[in-house]
Structures are given as C-alpha cells and as structure tokens.
Amino acid sequence: MTIWDDGGSKLAEQLIAELIRLFGDDPCREGLAETPGRAVNMFREMLEGMRYSNSEIANIAEKCFDDDFTQTSQGIVIVKDISVHSFCEHHIALIYNMKVTAAYIPCGRVIGLSKIARIADLVAKRMTLQERMGADIAEIIGRIAGTDDVAVLIEGEHSCMAARGVSKTGAVTKTAIFKGKFEKDESVKQTLLGLI
C-alpha cells in the first residue's frame with residue numbers, strides 16, 4: 001500500500017490528522033478540517049518520482065533521435081537552469097531554489113531537450129540527497145543517450161539548514177557529478193564549466 005493507492009491515501013490522511021492532534025490542535029476545526037486531504041495531494045504531487053526507479057524514468061523519457069553528425073562530433077549538449085524542488089530525506093524538509101544543469105556528449109543519439117527536464121523533475125521529486133539526485137540524473141541520461149560522458153551540476157537551498165538548526169538563510173549547496181570525458185579530460189571539463 002502506498003500514498004498513490006486509495007487505501008494508502010486514506011491511511012495517510014488519518015495519520016496527518018493524528019499528527020495535527022499530537023501538535024495540540026483540533027484536526028476537525030474549520031481551518032484544518034480539509035488539511036489532511038490537501039497535504040496528501042501535495043505529497044502525491046511533490047513526491048511523484050518515488051513511484052519510479054531510475055530504469056522506469058529512463059523508459060518514460062527514452063525518446064531519442066539518431067544523429068549521424070554526433071558520431072563524429074565532440075560537441076556538448078547542455079540544458080542549464082532546470083528549476084526543480086525536492087525533499088531532504090533526513091528531515092523531509094524542502095530543498096528549494098534548485099537549479100539543475102545537465103550536459104552530455106552525444107554518441108549517435110540525442111535526447112529530446114524536454115526529456116532532460118522531465119528526468120531532472122522526476123528524480124528531484126523524491127526524498128533524497130542532493131548528491132544522489134545528481135548521480136541518478138547522470139545515470140539516466142547516460143543510459144538513454146548511450147554515453148558515459150555526462151555531467152550534472154545542482155545548486156539549491158535546504159530548508160533543513162535555513163529554517164531550523166543553524167538557521168542560515170541564503171546558504172547555497174552546490175554539487176557536481178562528472179562522468180566519462182568530463183571526469184577524465186580536464187579540457188572537456190573546463191570547456192563545460194566555461195559554457196555554464
């Protein structure tokens with residue numbers, strides 16, 4: 001049973017109502033009466049990526065175009081500043097103002113640009129770590145495009161650090177995954193970094 005099933009959805013609503021009670025409020029009062037249902041709908045939407053494995057996301061976004069030119073060219077495809085949000089798995093706290101930049105070197109196949117954004121969106125819609133998110137996006141793009149040459153850079157603000165604990169608003173976390181030529185060839189990496 002999951003939150004995407006009717007039974008799981010109803011159970012989640014009951015648990016959220018109980019959580020409201022544990023916070024010391026009445027889940028039946030006017031302002032909160034519909035909150036459990038709204039919260040479940042929000043989680044269903046914002047955590048949609050948890051329904052899918054990396055392999056399933058690759059199948060969803062597998063639309064590629066064969067391109068003979070890319071078999072002889074060493075050009076880099078970059079999709080920059082894909083806006084996403086996620087949840088830190090340690091606190092179930094929002095990671096916001098996130099931007100994903102994904103790059104790959106085609107090897108006879110190019111991915112539809114909207115598919116790269118869809119991959120980033122689905123991977124981000126999980127309870128995860130920013131580092132794992134980048135690795136998962138890179139894995140899926142590499143699988144679809146048939147290339148080892150993939151880079152993913154992510155930056156975002158973590159509410160688990162900004163709104164609680166050390167309460168440092170404005171702190172930005174940046175992560176980078178470099179695979180294939182982006183990892184092994186410094187000139188390719190520097191070309192990418194110069195372009196973004």
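Close-up 1. With a relative accessible area of 74%, Met1 is exposed (exposed means over 50%, buried under 20% and partly exposed in between, using a 1.4 Å probe and protein chains only). Met1 sits in the segment before helix H1 (6–22); helices (H or I, at least four residues) and strands (E, at least two) are DSSP runs, numbered from the N terminus. Together, Met1, Leu11 and Leu15 make a nonpolar surface patch of about 350 Å². Such patches take residues with over 30% relative accessible area and no salt bridge, nonpolar side chains (Val, Leu, Ile, Met, Phe, Trp, Tyr) being joined within 5 Å; a salt bridge is a side-chain nitrogen of Lys or Arg within 4 Å of a carboxyl oxygen of Asp or Glu. Areas come from the Shrake-Rupley method with a 1.4 Å probe, and for residues only the protein chains shown count as cover.

This is a predicted model, where local features need pLDDT of at least 70 and side-chain atom pairs count only at pLDDT 80 or more, while totals for chains, interfaces and linings use all residues. Residues are numbered from 1 along each chain as its sequence is written, and side-chain values use heavy atoms, without hydrogens and water.

**Close-up 2. Strand E2 and its partners.** Strands E2 (residues 77–88) and E3 (residues 93–104) pair in the antiparallel sense over 9 bridges (pairing needs at least two DSSP bridges). Val84 stands opposite Met98 in E3. In the hairpin's turn, Ile92 has a positive phi of about 50°. E2 also pairs with strand E5 (residues 127–128), in the parallel sense over 2 bridges; there, Phe87 has Met127 as its bridge partner.

**Close-up 3. Around Ile141.** Beyond its neighbours within four places in sequence, Ile141 is in contact with Ala102, Tyr104, Ile111, Ile116, Ile119 and Val150 (contact means heavy atoms within 4.5 Å).

Technical notes:
Patch = residues over 30% accessible without salt bridge, like charges linked within 9 Å, V, L, I, M, F, W, Y side chains within 5 Å.
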